[in-house]
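Biologist: Could you walk me through this model? Keep it short, please.

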Amino acid sequence: MTPRIYFFANFGNWSCQPYGGGEIGNRRTLGMMRQAGYDVHLIEKYSRVYKHTWTDAIVISSLMIWNVIKLFLVLLFGRRKNSLVHIVGFCGSTIYFERILVGISHLLGYQTVYEMRGGGAVFHYQNDSERYRHWFAATIRQADYIFSQGQENKSLIDSIDQGKHFFYYPNCVMRDFCPKEYPSKPTNRINLLYFGRVAKRKNVDVVVDAFNLLAAKYSNIYLDIVGNCTEPTYAEKIKRRISASEFTNRITMHPACSHDRLKEHLADKHFYIFPTSEPREGHSNALTEGMAWGLIPVATDIGFNRAIVGDDMLIVKQLSAKAFDDIIANVVDSGKIQEQSERAYHRIQSNYTEDIVYNRLKEEYNTLFSLCHTTRES
């Protein structure tokens with residue numbers, strides 16, 4: 001009997017490019033599950049909204065209720081033998097919803113994986129209400145297995161349920177995106193890049209300000225920004241910032257693009273500037289993909305950035321243009337651009353390629369199905 005996975009997650013609009021790391025990661029996980037030969041049944045989560053009006057709140061609440069009913073009905077009439085339920089969650093305000101989903105799966109007799117996507121789990125547990133901590137802890141205890149994008153969450157899980165089965169499941173770079181050899185970089189200029197969502201919590205204004213400081217020192221430095229903005233006011237702020245720059249002729253903005261087109265933007269770049277302050281930043285796809293093309297990452301200590309980058313000298317101690325300027329200038333002045341670029345490339349090759357993560361995921365699921373079989377036999 002083919003092992004079956006009931007997969008509850010947000011995949012976005014299938015006719016469009018996925019929006020954000022969550023949708024991208026879930027689609028990749030789905031692809032790996034199918035590649036491994038599992039019988040995957042999707043239970044699709046409601047789609048995100050881009051505004052937060054009262055009308056949207058009512059719509060989302062209704063969709064959440066429908067998701068609960070749908071999960072219950074699918075699992076009620078589903079196959080329990082040699083099956084698992086995989087529920088993707090984000091902690092934070094959605095923990096109450098996720099607690100109900102995990103509870104239903106457990107009540108109906110399924111072995112359940114609760115995957116903690118994104119970051120912020122430790123922050124929320126330490127700073128939110130006692131009610132939140134109770135619901136989060138109950139979710140962890142009732143789930144049979146925990147998947148986490150960050151190894152950093154393990155100590156929190158152990159503090160709640162010592163010995164709980166924990167699997168570190170990082171994001172990865174797909175094999176058709178990752179260059180097979182190190183892509184050589186230009187030596188006559190220094191190219192900086194930001195790509196991803198142009199949003200207030202991504203602090204793209206800091207990218208522009210840091211570039212201005214660097215451009216005043218180096219006449220051969222250039223900046224490209226790739227991405228779309230769903231916040232019109234912030235988009236205008238960035239455009240004004242660029243127009244007012246003394247070095248505006250060395251800054252180029254591009255709309256978000258396909259993955260194939262993105263390779264062209266990455267191929268000749270030296271640095272990826274990532275000043276995110278997004279509370280739920282987890283394992284950034286953009287950060288990993290940039291490093292895969294030999295971009296030297298300079299990032300804030302948010303989410304799992306520090307662990308992914310693997311070099312504290314490239315993590316800013318505070319969110320400021322000067323902090324980014326200091327780190328990049330230090331690399332340039334030390335003559336270590338090539339060395340650091342190759343290091344970033346090889347770090348991805350050694351840890352975060354699709355093949356590496358796929359083999360680990362398949363091995364983990366084989367173990368879980370074996371545990372399921374043992375549990376049912378006993």
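Modeller: We will go through the sheet, a few single residues and a pair of helices.

Biologist: What kind of model is it, and how are residues numbered?

Modeller: It is a predicted model: local features need pLDDT of at least 70, side-chain atom pairs count only at pLDDT 80 or more, and totals for chains, interfaces and linings use all residues. Residues are numbered from 1 along each chain as its sequence is written, and side-chain values use heavy atoms, with hydrogens and water left out.

Biologist: Sheet next. What is the strand order?

Modeller: The order is 2-1-3-4-5-6, in an open sheet of 6 strands with parallel pairing. Strands (E, at least two residues) and helices (H or I, at least four) are DSSP runs, numbered from the N terminus. Two strands pair if DSSP finds at least two bridges between them.

Biologist: Which strands sit at the edges?

Modeller: Strand 2 (39-44) and strand 6 (165-168). Each of them pairs on one side only.

Biologist: And what is the average twist?

Modeller: From one strand to the next, the twist averages 20 degrees.

Biologist: How many bridges join strand 1 to strand 2?

Modeller: There are 6, and the two strands run parallel. Y6 stands opposite H41 in strand 2.

Biologist: What about strand 3 and strand 4?

Modeller: Strand 3 (residues 83-89) and strand 4 (residues 111-116) also run parallel, joined by 6 bridges. There, G89 has M116 of strand 4 as its bridge partner.

Biologist: Where does helix 1 pack?

Modeller: Helix 1 (residues 20-35) packs on the sheet. It touches strand 1 (4-9), strand 2 and strand 3, where contact means heavy atoms within 4.5 Å. Its direction makes about 175 degrees with that of strand 1. Axes here are lines fitted to C-alpha atoms, for helices over the stretch in contact, and angles run from 0 to 180 degrees between N-to-C directions.

Biologist: How accessible is N82?

Modeller: N82 counts as partly exposed, at 22% relative accessibility. Buried means under 20% relative accessible area, exposed over 50%, and partly exposed in between (1.4 Å probe, protein chains only).

Biologist: And C91, buried or exposed?

Modeller: C91 is buried, with a relative accessible area of 2%. C91 lies in the loop between strand 3 and helix 3 (95-107). Its phi is near 55 degrees, a positive value in a residue other than glycine.

Biologist: Where is M291?

Modeller: M291 is in helix 10 (residues 285-292). At 1% relative accessibility, M291 is buried.

Biologist: What does M291 touch?

Modeller: Leaving out residues up to four places away in sequence, its contacts include P297, I308 and Y345.

Biologist: Last one. How do helix 7 and helix 12 cross?

Modeller: The axes of helix 7 (residues 204-215) and helix 12 (residues 321-333) come within 8 Å and cross at roughly 50 degrees. The two helices are therefore oblique to each other. Angles under 35 degrees count as roughly parallel, over 145 as roughly antiparallel, 65 to 115 as roughly perpendicular and the rest as oblique.

Biologist: Which residues make that contact?

Modeller: Among them are V206 and L213 of helix 7, and F324 and I328 of helix 12.
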